[in-house]
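Please look through the sequence and the model below before reading my points. They are meant to be followed with the structure open beside them.

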Amino acid sequence: MKSSHLDQMKYTSKTLQNSSSSKAPSQPWLQYGRCPNGTIPILALTAGYNYSGARANIKVWNPYVDGVNDTEMRLHLDYSSSQVMLRACPVEHYDIVKETVEAGWMASFTFITAMYKTFFKVVLFGPLVYKDFKTRLFVYWKADNGSSCFDLICPGFVQTSSEVLLGGDIGTYNYGSEIEFQISKDPDTNNWWFLYNSEEVGYWPSDIFQSMKYEANMVQWGGEVFSPYVGTHPHTDTAMGNGKFADRLYRKSGTMTGLLIEENSSPLKRPESYTISSNEWNCYDADLLDEKVPEPVFLYGGPGSHFNPNC
């Protein structure tokens with residue numbers, strides 16, 4: 001299409017020659033070629049702002065988790081989890097999670113159905129559901145309107161598989177083995193799908209989100225410990241991973257292999273950059289193998305204060 005009026009407003013060549021203005025120089029990208037007829041150039045977004053999926057093979061463990069009451073009669077509502085996370089965060093504040101979808105395994109005496117999280121503390125707790133310390137499969141989502149939920153306890157995640165039990169025990173025969181977790185956005189519906197060992201389990205509908213209705217701008221892999229007694233002294237004994245610090249040599253700690261991402265619903269690929277972090281290095285730490293391995297390997301974990309006086 002062409003404008004209907006600009007041709008009539010063009011200056012003549014003579015006018016241009018007498019003007020101090022000059023024609024804008026060609027853009028550097030044109031030295032690499034031009035667009036075919038009927039197409040336009042589009043700038044690819046910088047990696048990190050348009051994630052549409054992520055995957056990891058997570059080694060399954062059964063970490064120590066503090067019980068409801070310890071010898072000091074402190075109330076415990078702890079859990080330890082390892083998961084893949086896609087999130088929407090303000091660009092200037094990546095520590096603030098506005099929306100998230102997550103999938104992984106969890107060991108806990110209490111299962112939290114809805115919660116508000118501060119930096120180190122869970123403020124609102126749900127009912128006791130599992131009532132044991134087995135390692136269980138879980139999915140979780142949080143929306144910008146404050147809604148959040150695990151599994152199928154409240155509306156949100158839509159399960160389509162009859163072969164996978166959310167909240168079910170996955171550890172009894174799997175400790176030390178790897179399970180594949182993948183989250184991928186359907187480019188046609190914008191629903192976020194969860195795959196468990198390549199089985200399509202179900203999806204988070206796009207309409208429960210705002211920022212993540214179309215994409216995520218952060219991918220995280222890792223372990224989490226939730227407790228009223230993190231960042232305090234005495235510290236919780238709840239472990240992360242299998243309770244051992246990151247083991248680069250023998251990989252006998254919490255381990256994730258095959259860390260891959262999707263961008264714009266393209267095939268899985270290696271991330272271009274990473275940031276490794278821990279909130280309490282004396283209690284839980286992390287390491288990454290990215291060279292001389294087919295795909296990145298993430299190592300993490302720690303005992304908390306369980307037989308660890310430095311925490």
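1. I153 is placed in the loop between β5 (148-150) and β6 (158-159), where strands (E, at least two residues) and helices (H or I, at least four) are DSSP runs numbered from the N terminus. With a relative accessible area of 42%, I153 counts as partly exposed, because that term covers what lies between buried, under 20% relative accessible area, and exposed, over 50% (1.4 Å probe, protein chains only). I153 and L166 are 13 residues apart in sequence, and from C-alpha to C-alpha they are 10.0 Å apart in space.

2. A word on the source of these values: this is a predicted model, in which local features need pLDDT of at least 70 and side-chain atom pairs count only at pLDDT 80 or more, whereas totals for chains, interfaces and linings use all residues. Residues are numbered from 1 along each chain as its sequence is written, and side-chain values use heavy atoms, with hydrogens and water left out.

3. How many disulfides does a search of the whole structure find? The search finds two, a disulfide being a pair of cysteine sulfur atoms within 2.5 Å. When the bonded cysteines are counted along the chain, the disulfides follow the pattern 1-2, 3-4.

4. One of the disulfides joins C149 and C154, whose sulfur atoms are 1.9 Å apart. Its two ends can be told apart by their accessibility, since C149 counts as buried at 0% relative accessibility, while C154 counts as partly exposed at 25%.

5. C283 and C311 also form a disulfide, with their sulfur atoms 1.9 Å apart. The torsion about the S-S bond of C283 and C311 is about 95°, and therefore this disulfide is right-handed. The pair links distant parts of the chain, for C283 is in the loop between β11 (254-263) and β12 (285-289), C311 is in the segment after β13 (297-301), and the two are 28 residues apart. Both C283 and C311 are buried.

6. Two further cysteines may be checked for accessibility: C35 is partly exposed, with a relative accessible area of 30%, whereas C89 is buried, with a relative accessible area of 5%.

7. The structure holds ten aromatic pairs, where rings of Phe, Tyr and Trp (its six-membered ring) pair if their centres lie within 6.5 Å, and planes under 30 degrees apart count as stacked, over 60 as edge-to-face and the rest as tilted. Among these pairs is the tilted one of F138 and F150, at 5.8 Å centre to centre and with 50° between the planes. This pair links distant parts of the chain, as F138 lies in strand β4 (residues 135-142) and F150 in strand β5, twelve residues apart. F138 is buried, with a relative accessible area of 2%, and F150 is buried with a relative accessible area of 2%.

8. The rings of W193 and Y203 have centres 5.0 Å apart and planes at 45°, which means that this pair is tilted. Here too distant parts of the chain are linked, with W193 in strand β8 (residues 192-196) and Y203 in strand β9 (residues 199-204), ten residues apart. W193 and Y203 are both buried.

9. Which residues do ring pairs link into a cluster? They are Y79, F138, Y140, F150 and F226.

10. Finally, K252 lies over the face of Y250, at 5.9 Å from the ring centre; a charge sits over a ring if NZ of Lys or CZ of Arg is within 6 Å of the ring centre and within 35 degrees of the ring normal.
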